[in-house]
Amino acid sequence: MRLVAGLETPTSGEILIREQCVTDLPPYQRNVSLMFQNYALFPHKNVFDNIAFGLKYRKVPGEERKQRVKESLALVHLPGMESRYPRQLSGGQQQRIALARALVVRPAVLLLDEPLSNLDLKLREKMRIELKQIQEQVGITFVFVTHDQQEALMLSDRIAVMDKGKLVQVGTPREVYEKPQSRFVAEFVGQSNFLEGHIVNHCADATEVRLSSGLHLSIPATPHLTTGSKVTVQVRSERVRLFAERPLDCGHEFTAIVERVIYSGDTIQYLLQLESHDLLLATCPTTSAPPLNRGASVWVGFDSEDCLVLPGD
């Protein structure tokens with residue numbers, strides 16, 4: 001983000017905004033706005049002066065400044081707040097004023113540095129929806145930095161996952177969630193079970209994996225991996241299903257004991273121990289069946305298509 005804003009100089013490569021190379025341009029020539037994590041509003045200035053700050057230094061005429069501030073306040077659903085000071089605003093209102101200030105200069109790119117992290121959960125969920133609507137309305141690129149996987153999935157058209165300063169995967173939210181290219185990406189988005197093992201056989205349309213515990217799984221064919229290769233089999237927790245009796249429609253079924261029950265309102269998570277001593281996490285809607293108690297015996301099932309093979313460490 002600091003590279004895009006022009007606050008740091010890249011050691012290699014180029015930065016392009018609207019197909020124009022801006023790598024060597026100073027920050028004030030890049031037409032980029034930055035929205036800070038702590039909003040950085042001027043406490044001694046009212047809302048109007050906070051929002052108009054960038055326009056003033058761009059020498060925008062007074063009448064146009066008033067009109068653009070008015071339009072920005074309407075965009076963030078805070079009309080008529082021009083005369084208030086930051087201390088008179090709630091956290092959510094301060095966040096919207098900071099957004100209005102960033103948008104009023106009509107940037108080509110808006111950089112957002114974890115702007116929702118200081119809000120309580122309910123307001124944060126509301127602002128996610130509003131940010132997405134505002135982005136679609138103004139039609140400019142938002143670069144949104146977050147450590148919250150749900151925010152990344154909800155707000156993004158494309159997600160870039162970074163590990164130790166390197167891009168490890170770029171794709172749509174669905175691609176990153178359903179087809180992670182590494183265990184790091186799979187662990188970042190959603191909750192998964194990871195089962196270690198190695199490939200023991202290849203068939204025409206399936207690959208057989210023997211887990212460290214001795215269990216065998218039949219998974220979709222992975223001809224690019226050789227027999228004997230170490231692999232990690234990923235199964236998303238919401239793909240693990242529970243049954244009172246042995247299921248007839250699952251590619252894999254096992255008996256298990258419920259080790260722990262975690263109630264989360266709309267879902268219940270079950271930590272399950274298989275006879276092989278493998279542990280599985282299952283996430284089930286609270287409406288799917290009566291809740292199970294700790295120590296209950298159940299059948300566990302998931303389909304071969306629910307298994308994704310990741311390269312082993």
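Predicted model: local features only at pLDDT ≥ 70, side-chain atom pairs only at ≥ 80, totals over all residues.
Against which helices do the buried residues of α3 pack?

An open sheet is built from three strands, arranged in the order β3-β4-β5 with parallel pairing. Its edge strands are β3 (32-35) and β5 (141-145), each of which pairs on one side only. From one strand to the next, the twist averages 15 degrees.

The parallel pairing of β3 with strand β4 (residues 109-113) extends over four bridges. Within this pairing, S33 has L110 in β4 as its bridge partner.

## Helices on the sheet

Helix α4 (residues 91-103) packs on the sheet and touches β3, β4 and β5. The direction of α4 makes about 170 degrees with that of β3. Helix α5 (residues 121-138) also packs on the sheet, where it touches β4 and β5. The direction of α5 makes about 155 degrees with that of β5.

## Helix α3 and its two sides

Helix α3 (residues 62-75) contains 14 residues. From its first C-alpha to its last it reaches 20 Å, close to the 20 Å expected at 1.5 Å a residue. The buried residues of this helix are R68, V69, S72, L73 and L75. They lie on the same side of α3 because they cover an arc of only 155 degrees around the axis. An α-helix has 3.6 residues a turn, so residues three or four places apart point the same way.

On the other side of α3, E63 and K70 are exposed. The opening question can now be answered: the buried residues of α3 pack against α2 (47-57), α4 and α5. Just after α3, H77 adopts a positive phi of about 65 degrees.

Note on methods
Residues numbered from 1 in each chain as written. Heavy atoms only, no water. Pairing = 2+ DSSP bridges. Axes fitted to C-alpha atoms, helices over the stretch in contact; angles between N-to-C directions. Contact = heavy atoms within 4.5 Å. Expected span 1.5 Å × (residues − 1). Buried < 20%, exposed > 50% of the residue type's maximum accessible area, 1.4 Å probe, protein only. Arc of directions from axis to C-beta.
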